[in-house]
Amino acid sequence: MLIAAAQFSPKPGKFEYNLKKHIEFIEKAGEIGASLILFPELSISGYTYDKSILEDSISFFNEIQSELLKLSRKYNLAIVGGVPRKVLSEVRNSVFVIKKKKEILFYDKTHLFRGEKDVFSPGERFLVFKFQGVRFGILICYEIGFPEISRILALNGAQVLLAPFAFSKERKNIYEIATRARALENGAFLVTSSTSGKGLMDFIGSSRIVGPDGNVITQSKRKEELIYADLDVSKLDFFRYKEEGISHAYFLNRNKELYKDVIR
């Protein structure tokens, strides 16, 4: 399956600009035959702690859902991006999944970072979804540092981990190590779409696709770029269950009884 990730710099409050960038990248992904495209964290609103911008972007997203749905159907493409949403009057940092159907799936960030805690409420459940026979799990930015999230997603069937980011350059070492580690230890592919440029922080960019062996398959070289790779999920059982060659077989040798009261 061909998976794409869009790297750019969403501008806080500039919703029309951000939408235009989404459409441009979706059309590029559709033209190359991608089955899914991933956008950065809060890609519709822009990464901000400004409550008024976040509130306004919720209304804006409601207005453009049908346009994104049409593009999803036109290109037979799942669209995964970031937008705030309200749940019981509380604002959440969310990822939307549009996959040709009217029903939109959402994942709400469960582990909040620094200033996010002042404007967002955390989610309370994880999300694994299926598209064109492949299972995807979502985690957002800071959550890359909680290995249990990726492991839960993988144990619940995720073959490809989707991770939208708005991550600072000063924590580059975390990004470099954790993105590769989460793929390696779960025998999964991991795709990041990472904000570039400057805003609340100097964003790292460096969107990447990582293989189940922990090696980077492809990585962005420019501030604005579409990266993509053809991912063969049939290879994952080798890394998860075979004790040969470069396989780590962590799923084969995992002693489930030791974890039953802690993690599923």
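How many cavities of 30 Å³ or more does the count come to? The count comes to 1 cavity, and we'll get to it at the end of the tour.

First, some ground rules. This is a predicted model, where local features need pLDDT of at least 70 and side-chain atom pairs count only at pLDDT 80 or more, while totals for chains, interfaces and linings use all residues. Residues are numbered from 1 along each chain as its sequence is written, and side-chain values use heavy atoms, with hydrogens and water left out.

**The whole chain**

Show everything as cartoon. You have 7 helices and 12 strands, taken as DSSP runs numbered from the N terminus (helices are H or I with at least four residues, strands are E with at least two). The radius of gyration is 17 Å, close to the 18 Å that the globule rule gives for 264 residues, so the protein is as compact as a globular protein of that length. That radius is taken over C-alpha atoms, and the rule is 2.2 Å times the number of residues to the power 0.38. Along the principal axes, the C-alpha atoms fill a box of roughly 50 × 40 × 35 Å.

Colour the open sheet of 6 strands that runs E5-E4-E3-E2-E1-E12, with mixed pairing. Two strands pair here if DSSP finds at least two bridges between them. Strand E5 (105-108) and strand E12 (225-230) are at the edges with a single partner strand each, so one side of each has no neighbour in the sheet. From one strand to the next the twist averages 30 degrees; axes are lines fitted to C-alpha atoms (for helices, over the stretch in contact), and angles run from 0 to 180 degrees between N-to-C directions.

Zoom in on strand E1 (residues 2-7), which pairs with E12 in the antiparallel sense over 6 bridges. There, Ile3 stands opposite Ala229 in E12. Contact means heavy atoms within 4.5 Å. Helix H1 (residues 15-31) lies across E1, strand E2 (36-38), strand E3 (78-87) and E12, at about 30 degrees to E12.

**A stop at Ser9**

Select Ser9, in the loop between E1 and H1. Leaving out residues up to four places away in sequence, Ser9 touches Tyr17, Thr195, Ser196 and Gly197.

**Another sheet: E6 to E11**

Next, pick out the open sheet whose 6 strands come in the order E6-E7-E8-E9-E10-E11, again with mixed pairing. Its edges are strand E6 (128-131) and strand E11 (216-219), each with a single partner strand, so one side of each is left without a neighbour in the sheet. Here the twist averages 20 degrees from one strand to the next.

Strand E10 (residues 208-210) pairs with E11 in the antiparallel sense over 3 bridges, and Val210 has Val216 in E11 as its bridge partner. Helix H5 (residues 172-186) packs on this sheet, touching strand E8 (160-165), strand E9 (189-194), E10 and E11, with its direction at about 40 degrees to that of E10.

**Pocket and cavity**

On a 1 Å grid over the protein atoms alone, a cavity is a set of points where a 1.4 Å probe fits but cannot get out; a pocket is an open set with protein on both sides within 12 Å along at least five of seven lines; lining residues have an atom within 4 Å of a point. Points are joined across faces, edges and corners, and volume is the space filled by probe spheres set on them.

Select Lys169, Ser196, Phe203, Ile204 and Lys223: of the 14 residues lining the largest pocket, these lie nearest its centre. The pocket holds about 160 Å³ of space.

Finally, the largest cavity, with about 30 Å³ of space. Show Tyr47, Lys109, Phe113, Glu116, Cys141, Tyr142, Ala166, Phe167 and Arg171, which line it.
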